[in-house]
Amino acid sequence: MRRPLPKWIDIGVMPIINIFAAFVVAGIIIALIGENPITALSVMVKGAFVYKGALGYTLFYATNFIFTGLAVAVAFHATLFNIGGEGQAMIGGLGIGIVALSLDPLLPPLLVILLAIPMAAVFGAIWGMIPGWLQAKRGSHIVITTIMFNFIASSIMVWLLAGMLMAPGQMSPETRHFAEGVGLLQIHQIANAIGIPMARSPLNLSFLVALAALVGVWVLIWRTRLGYIIRATGHSEKAVIYAGHDPAKIIMITMAISGGLAGLMALNEILGVQERVILNFTSGYGFTGIAVALMGRNHPFGILLASLLFGALYQGGAEIDFEFQTITREMVLMIQGLIILFSGALALMFHPLMERLYGMIAGPDSITSPPKTKRAEHG
Amino acid sequence: MADIWLQFLLTIDATLRVSTPLILCAMAGIFSERSGIIDISLEGKMLLSAFAAASVAALSGSPWLGLGAAILVSMIFSLLHGFACITHRGNQVISGLAINILASGLTVTLGIALFAQGGQTPYLSSAQRFSAIPLPFADTMRQVPIIGTIYAEIISGHNLLVWLALLSVFVTSIVLYRTRFGLRLRATGEKPEAVDTAGISVTRIRYQAVLIAGLLCGIAGAYLSIAHGAGFVREMTAGKGYIALAAMIFGHWRPVPALMACLMFGFLEALAARLQGVDILFLGPIPTDLILVLPYVLTVVLLAGFIGRATPPKAIGQPYVKER
Amino acid sequence: MTQNPSSAKSNTKLPFAISMSGINKHFGLVHANRNIDLDIYRGDIHGIVGENGAGKSTLVSILYGFYTADSGTISLNGTSHHYNSTADAIAAGIGMVHQHFMLVPNFSVLENIVLGHEGGVNLTTSMTKARQMLEDLSQRFGLNVDLDAKVADLPVSLQQRVEILKALFRNASILILDEPTGVLTPQETDQLFVILRILKDQGVTILLITHKLREIMAVTDRISVMRDGAIVAHLNTAETCAEDIAHLMVGRPVLVEKQWHQCDRGEAVVKVSDLSLNGSDNEANPILSPLDFEVHAGEIFGIAGVAGNGQSELLELLAGIIPPSGGSIDYHGQRIDAKTPASPLDIKSLGVAHVPEDRHASGIILPFSAAENTILGYEDAATSGRWNMFTSPALIHERCSGLMQDFDVRPPNPHLKSSLFSGGNQQKLVLAREMSARPSILLVGQPTRGVDIGAIEFIHHQLIAMRDAGCAIILVSVELDEIMSLSDRIMVMNNGKKMGILNRDEAEVKHIGLLMAGVK
């Protein structure tokens with residue numbers, strides 16, 4: 001007897017099963033290559049949590065994923081599939097670069113930083129809002145448009161960084177360093193300053209911004225009028241029009257928020273670490289955001305957990321590079337693909353099995369599950 | 001003058017070479033999307049099959065085995081896409097994306113494990129590749145002005161897979177518009193309920209469609225690594241799958257217009273390669289990056305309805321569920 | 001068992017055309033068909049009636065191989081069939097005209113008919129052959145359609161013909177029609193019945209699924225009545241009457257038309273003058289040609305017409321969802337026109353509430369909880385803080401509980417997902433939400449579409465109570481019975497034009513039917 005799954009299994013157990021499936025497949029591939037998957041896993045865990053400074057790195061990567069994961073999730077709530085996080089983050093970085101490079105000779109560093117932070121969000125928001133506008137007003141499909149916008153952003157970055165913005169006397173496509181002090185404090189510096197010993201890591205104040213963004217998105221989606229309308233737009237544009245709102249406007253606002261969150265990812269990489277704009281600083285984190293949002297079920301708490309997992313994977317993957325000859329951090333990319341596959345595309349695969357298992361354990365159901373609706377059109 | 005003519009011919013010739021994988025992938029996309037399955041995994045399948053082709057060609061020494069492996073691998077991943085999207089009604093975009101990311105990771109991981117060359121495959125000798133097929137009298141014809149040079153430079157000297165790509169357009173057209181299968185395929189992408197109630201399995205048509213897409217993608221991948229190139233390099237597809245997707249949209253999901261779009265995008269790429277480092281008077285070097293981005297920009301402009309309107313098949317992206 | 005329709009003459013001594021016995025079907029926890037036994041004589045027009053959700057569609061879907069029954073047997077013309085796909089059913093000689101047509105809109109008529117029955121790999125030859133066969137068929141059955149026309153360009157009545165041709169092309173000897181008259185005018189319905197009788201004379205067995213009693217009385221030979229997934233009666237049409245069937249469908253005596261009573265109307269609160277709406281090709285094909293009418297406080301103003309004749313757009317115009325192209329609407333003296341359009345929110349603030357036609361697309365958001373749906377369009381009622389920015393779950397919950405109690409929504413659980421309520425309870429939720437604003441003008445579209453009879457009574461009662469309390473109600477419905485039983489005055493529309501406004505006492509079905517068809 002099959003039985004519909006209760007919420008706690010759907011939210012709590014299914015993601016674990018899906019991740020487990022991804023890891024099992026990855027483990028099989030590693031075994032086929034001739035390495036011991038268990039050893040690889042333990043190297044990754046140590047690399048991500050145990051070694052000195054490892055946790056800092058893990059949280060540093062997680063910061064990126066919180067931003068890009070939230071970006072995808074916010075758009076998802078309006079059933080918009082924003083694949084453009086990568087491009088939006090790049091353009092966000094450009095925003096920081098433009099503010100920092102043009103103002104750092106004139107203004108004190110703190111002021112430059114305070115101007116640069118919103119600029120990351122604004123630039124990302126604009127790069128997200130254009131596809132939103134194209135979907136809302138011109139009917140182009142947001143998936144294709146955001147894919148195209150990633151390539152366009154990437155070309156703009158190459159063109160600018162190898163041209164106008166290239167540091168004089170440099171051969172690689174990157175800008176000059178920002179002025180001394182134009183960067184975010186790193187957490188270990190703060191910790192050491194107040195007397196807490198902490199190993200060096202690139203973890204910086206962006207992490208706190210990311211945590212604030214998590215709370216902010218939760219409030220936005222579930223506790224505000226705008227969030228209510230965003231979710232309504234996701235389910236039925238007609239109903240939103242009926243209720244007196246303009247879905248085109250809502251789509252644009254949603255995509256702006258989404259793009260802004262993706263743009264903020266540049267804080268972590270550009271202001272937090274590089275203190276200059278370099279090519280490809282996004283390293284595919286925008287795409288990882290999709291995996292994070294899928295795994296986290298578009299809920300900020302889930303996204304936090306998923307970001308930590310991916311942070312650990314990326315940091316652990318770096319450790320793999322040191323320890324193994326035959327496997328490298330690209331393996332993490334592979335795991336990422338598998339996770340998207342299992343918790344996204346194949347999300348429903350284990351459902352019937354679980355329903356049967358649950359039915360066997362919990363027994364037939366007569367009271368708790370509500371009656372199926374009858375299709376209204378015909379009898 | 002003769003020099004400019006030759007430059008022009010060489011650019012056209014390069015256009016054909018660059019367009020070949022685009023054409024094959026665009027036809028793949030047409031089969032899949034006309035049946036209602038979005039396929040953004042063209043990129044990933046092409047990458048995986050490029051890797052498979054180069055690896056098998058390197059290990060066995062036979063380009064034919066390489067091609068076979070490429071097609072096989074690509075079709076396996078098509079089946080995976082089908083399994084997720086058709087059988088389990090998963091989100092088609094997410095599934096495609098998963099395959100693309102998986103492909104990036106898997107090719108490098110396996111490449112390092114197999115060849116320990118940082119993710120590349122060994123350099124392939126000409127015996128391990130599909131080499132150019134000079135057509136008869138190409139050298140003699142070269143002396144004849146215009147027609148002769150066109151024959152020698154553009155028509156002659158392509159490898160088998162280039163011809164296969166052009167043939168695929170013809171075959172796609174015939175299959176789509178002149179056969180029973182084509183009628184059913186097109187109907188499935190527009191209104192699957194109509195197909196189902198006519199007693200035809202939507203699932204079966206869609207699986208057939210994605211498998212054909214896999215076959216064509218496989219040839220495209222093999223072309224990249226064992227015909228056009230001489231080995232696999234990590235991320236060697238470099239967005240070509242997405243350009244093919246764009247070309248398919250540009251061609252309104254029809255074979256011949258899609259071919260034209262592929263040639264146009266290929267021409268832009270060939271042109272950019274030719275203009276690399278060329279200075280325009282007073283303006284400095286031509287920004288070839290901006291030429292290369294044109295396919296993407298044009299696609300956005302097209303999709304926005306500023307130049308005509310691209311209407312996708314109606315049922316695209318929606319898993320087919322019987323009512324209730 | 002394929003059979004040429006012409007060779008099978010109506011003969012009751014032969015085995016039954018269709019004989020189903022012991023059919024059961026479950027969907028999850030719903031027992032959609034219970035122990036169905038059904039015998040249908042060859043060459044009969046056999047009606048199956050029942051309310052929404054009685055299990056009619058499930059039953060014919062099983063017959064058509066779309067679903068497989070959990071248990072039971074089917075035999076056709078005396079031969080037992082065990083099929084598990086539509087293809088098998090088609091091969092056995094069953095054809096079906098679905099309620100929502102199964103045609104590919106951008107294919108030609110010919111391509112649509114050939115689809116799935118091509119007879120060879122080469123499409124060009126199949127098409128040539130099919131064309132010839134179809135010309136014969138259309139002549140024999142009087143079904144003329146242009147084979148090269150694009151289906152999307154055809155009116156619905158012709159699309160329905162294409163569906164019938166499609167079935168005949170596949171040699172169907174049994175034809176199932178699921179709610180075939182929902183989209184037709186009374187005159188088109190009569191034409192369809194003429195076609196059905198020709199088919200019957202040629203030996204085709206016809207199974208007609210409907211919930212419209214008048215039609216089933218007019219055309220069938222025998223009737224089976226379904227209720228709650230089971231067949232409750234088999235009747236000979238000649239020996240029964242509509243009231244008895246209605247009684248059987250609902251399980252208790254029904255007195256639908258008794259609710260209306262005379263009431264004094266007040267002053268005109270809605271004044272519509274020269275209101276028009278252009279089509280997509282601008283002024284060439286107007287969706288609404290200039291309309292004038294007034295609605296008074298304390299009256300129900302019914303708008304009758306076949307679906308798609310501009311009533312839906314009129315309702316959306318009145319609700320502010322689309323702006324008018326010309327003319328004006330006047331609510332309590334506030335003028336709205338093309339130059340000064342009003343948004344749905346502006347219109348709400350004038351005391352107008354709107355129960356939309358399409359409940360599932362507009363009225364409620366199915367994945368939302370009932371509570372969340374009770375603030376749709378009334379977000380102010382549940383927000384707090386500066387600029388009313390933040391929503392309060394407690395406030396929403398409380399509001400919903402109150403409305404559920406007032407309107408007898410079952411189950412009274414504000415947390416429950418809206419899609420899990422029955423159609424009637426969903427509609428009660430919408431009605432409750434809209435009435436909660438205490439409107440002086442109420443716009444109502446298809447208030448009882450997909451709603452069970454119990455809820456219909458409740459909803460009609462509420463509408464009349466609103467009217468008695470002085471509310472002006474504009475009611476759009478494609479159910480002529482509903483319009484006739486509730487309205488004080490009736491406006492009939494055809495092709496975007498006002499065909500006339502009739503007082504209740506001078507309105508006759510026949511007259512209205514002609515007006516609906518565009519005949520003055």
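These legends accompany close-up views of a predicted model.

**View 1. Chain A as a helical unit.**
Chain A holds 15 helices and zero strands. Its radius of gyration is 22 Å, close to the 21 Å that the globule rule gives for 379 residues, so chain A is as compact as a globular protein of that length. Along the principal axes, the C-alpha atoms of chain A fill a box of roughly 75 × 60 × 40 Å. Buried residues make up 56% of the 379 in chain A. Contacts within chain A also reach along the sequence: of those between residues at least 6 apart, 76% join residues at least 24 apart.

**View 2. The contact between chains B and A.**
Chain B gives 38 residues to this contact, and chain A gives 40 residues. On the side of chain B, the elements with two or more residues in the contact are α3 (63–87), α4 (92–115), α11 (240–250), α13 (288–292) and α14 (294–303). The largest share comes from α4(B), with 14 residues. By class, the side of chain B that touches chain A counts 24 nonpolar, ten polar and four charged residues.

**View 3. The contact between chains C and A.**
Here 44 residues of chain C meet 23 residues of chain A. Four elements are listed as giving two or more residues to the side of chain C: α1 (56–63), α10 (344–349), α11 (359–363) and β18 (390–391). That side of chain C divides into 18 nonpolar, 19 polar and seven charged residues.

**View 4. The two domains of chain C.**
Domain 1 of chain C covers 100–169, and domain 2 covers 263–516. Their C-alpha centres lie 39 Å apart.

**View 5. Strand β11 of chain C and its partners.**
Strand β11(C) pairs with β12 (residues 288–296) of chain C through six bridges, and the two run antiparallel. In this pairing, C:Leu275 stands opposite C:Leu291 in β12(C). Strand β11(C) is also joined to β14 (residues 326–331) of chain C, by five bridges and again antiparallel. There, C:Ser273 stands opposite C:Ser328 in β14(C).

**View 6. C:Asp274, a positive phi within a strand.**
C:Asp274 lies in β11 (residues 268–277) of chain C. Its phi is near 50°, a positive value in a residue other than glycine. Most residues other than glycine have a negative phi. C:Asp274 has 13 other C-beta atoms within 10 Å, so C:Asp274 is partly exposed. A residue counts as exposed at 12 or fewer such neighbours and as buried at 20 or more.

**View 7. C:Glu179, a positive phi in a loop.**
C:Glu179 sits in the loop between β7 (174–178) and α6 (186–201) of chain C. Phi is about 45° at C:Glu179, a positive value although the residue is not a glycine. C:Glu179 counts as buried because it has 20 C-beta neighbours inside 10 Å. That count meets the cut-off of 20 or more for a buried residue.

**View 8. A cis peptide bond in chain C.**
The bond joining C:Arg410 and C:Pro411 is cis, with omega about -10°. Most peptide bonds are trans. C:Pro411 is found in the loop between α13 (393–406) and α14 (423–435) of chain C.

Notes. Residues are numbered from 1 along each chain as its sequence is written. Chains are lettered from A and ligands numbered from 1 in the order in which they are written. This is a predicted model: local features need pLDDT of at least 70, side-chain atom pairs count only at pLDDT 80 or more; totals for chains, interfaces and linings use all residues. Domain bounds come from an automatic or database domain assignment. Two residues are in contact if their C-beta atoms, placed from the backbone, lie within 7 Å. Ala, Val, Leu, Ile, Met, Phe, Trp, Tyr, Cys and Pro count as nonpolar, Asp, Glu, Lys and Arg as charged, and the others, Gly among them, as polar. The radius of gyration is taken over C-alpha atoms; the globule rule is 2.2 Å times the number of residues to the power 0.38. Two strands pair if DSSP finds at least two bridges between them.
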